Amino acid sequence: MQIIAHRGASGEFPENTLLAIEQAIQQAADGIEIDIFAVDGELIVIHDHHLARTTNGKGSIYQYSLAQLQQLDAGQGQTIPTLWQVLQLLHPTTLWLNIELKGADTVAALVALLARAELQLQFDCSRLLVSSFNHHLLAELAVQRPDIKLAALTASLPLHYAAFASALNAYAVNCDVSFINADFVADAKARNLKVYVYTVDQADDIARLRQYGVDGIFTNYPARSRQLVLVL
Ligand code: G3P
Ligand code: CA
């Protein structure tokens, strides 16, 4: 069962920052999950479009330029990173990256950025998994980059998940821990889908999900969750 650091090692460090990602690398996570929005055609790493919860800014990211957003404090002296900075940080490692598309204009910016990363960093895009609750964005990405792995993200009991996963030719289904059960995992696996589950920090959930045979968990505490996977 893989350990994916949810917004980096966000239980102990400011979420979606380079520090939280560096710490997740130190803690030997298998993958990193981050959230992205597009501003000025650049992709920034942040979970909410409102700034107040995670930075010292106010209002929406869309009221500011990229340069202004990069002046904000995202905690412990961190700034809001760009996706480019995250790719640079991960490039020398073996970790994979789950990019969750949050904002409407993310697809065009992502396609351009990935082309640049392949050219300038020789970044291997097979290390990416792109997910979104907005399956229209995933369908748009699939047209332009059919090689990129997609995860259909679900927030409630996904009764019709098989239809949209199939329409997207998805690689994975990313599920909420609060509704997942053994039958769902067995059904998804029979459809050749990986199953990743969010957000999993509790020992009882880790034990249950391991029994179901899920492929990975998104956790805010990668080191602690890894230990639990080993001892439970
Ligand atoms: O991608 C899994 C999980 O991060 C989705 O929910 O709200 O934490 O972005 P959220
Ligand atoms: Ca997310």
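Tutor: The radius of gyration is taken over C-alpha atoms, and the globule rule is 2.2 Å times the number of residues to the power 0.38. This is a predicted model.

Student: What does the globule rule give for the chain, and what does the chain have?

Tutor: With 232 residues, a compact globule would have a radius of gyration near 17 Å; the chain has 17 Å, so the two agree. The C-alpha atoms fill a box of roughly 50 × 40 × 35 Å along the principal axes. Buried residues make up 44% of the 232.

Student: Which residues of helix H5 are buried, and why are they said to be on the same side?

Tutor: In H5, residues 135–144, the buried ones are Leu137, Leu138 and Leu141. Each therefore has 20 or more other C-beta atoms within 10 Å of its own. They cover an arc of only 100 degrees around the axis, which puts them on the same side of H5. An α-helix has 3.6 residues a turn, so residues three or four places apart point the same way.

Student: Which residues of H5 are exposed on the other side?

Tutor: His136 and Val143 are exposed there.

Student: What covers the buried residues of H5?

Tutor: The cover includes strand E4 (96–101), helix H4 (106–120), strand E5 (128–132) and strand E6 (149–153).

Student: How is the crossing of H4 and H5 described?

Tutor: Their axes come within 9 Å and cross at roughly 35 degrees. The crossing is right-handed. In the contact, Thr106, Val107, Leu110 and Val111 of H4 meet Leu137, Glu140, Leu141 and Gln144 of H5. These residues divide into five nonpolar, two polar and one charged.

Student: What makes Gln122 count as exposed?

Tutor: Gln122 has 8, so Gln122 is exposed. Its place is in the loop between H4 and E5. Gln122 also has a positive phi of about 55 degrees although it is not a glycine.

Student: Why is Asn192 called exposed?

Tutor: Asn192 has 9 C-beta neighbours inside 10 Å, so by that cut-off Asn192 counts as exposed. Asn192 lies in the loop between helix H7 (182–190) and E8. Its phi is near 65 degrees, a positive value in a residue other than glycine. Most residues other than glycine have a negative phi, and most peptide bonds are trans.

Student: Which peptide bond is cis, and where is Thr199 found?

Tutor: The bond from Tyr198 to Thr199 is cis, with omega near -25 degrees. Thr199 is found in the loop between strand E8 (194–198) and helix H8 (203–212).

How values were computed: Residues numbered from 1 in each chain as written. Chains lettered and ligands numbered in written order. Predicted model: local features only at pLDDT ≥ 70, side-chain atom pairs only at ≥ 80, totals over all residues. Buried ≥ 20, exposed ≤ 12 C-beta atoms within 10 Å, placed from the backbone. Helix = DSSP H or I, 4+ residues; strand = E, 2+ residues; numbered from the N terminus. Arc of directions from axis to C-beta. Contact = placed C-beta atoms within 7 Å. Axes fitted to C-alpha atoms, helices over the stretch in contact; angles between N-to-C directions. Left-handed = near helix turned anticlockwise from the far one by under 90°. Nonpolar A, V, L, I, M, F, W, Y, C, P; charged D, E, K, R; others polar.
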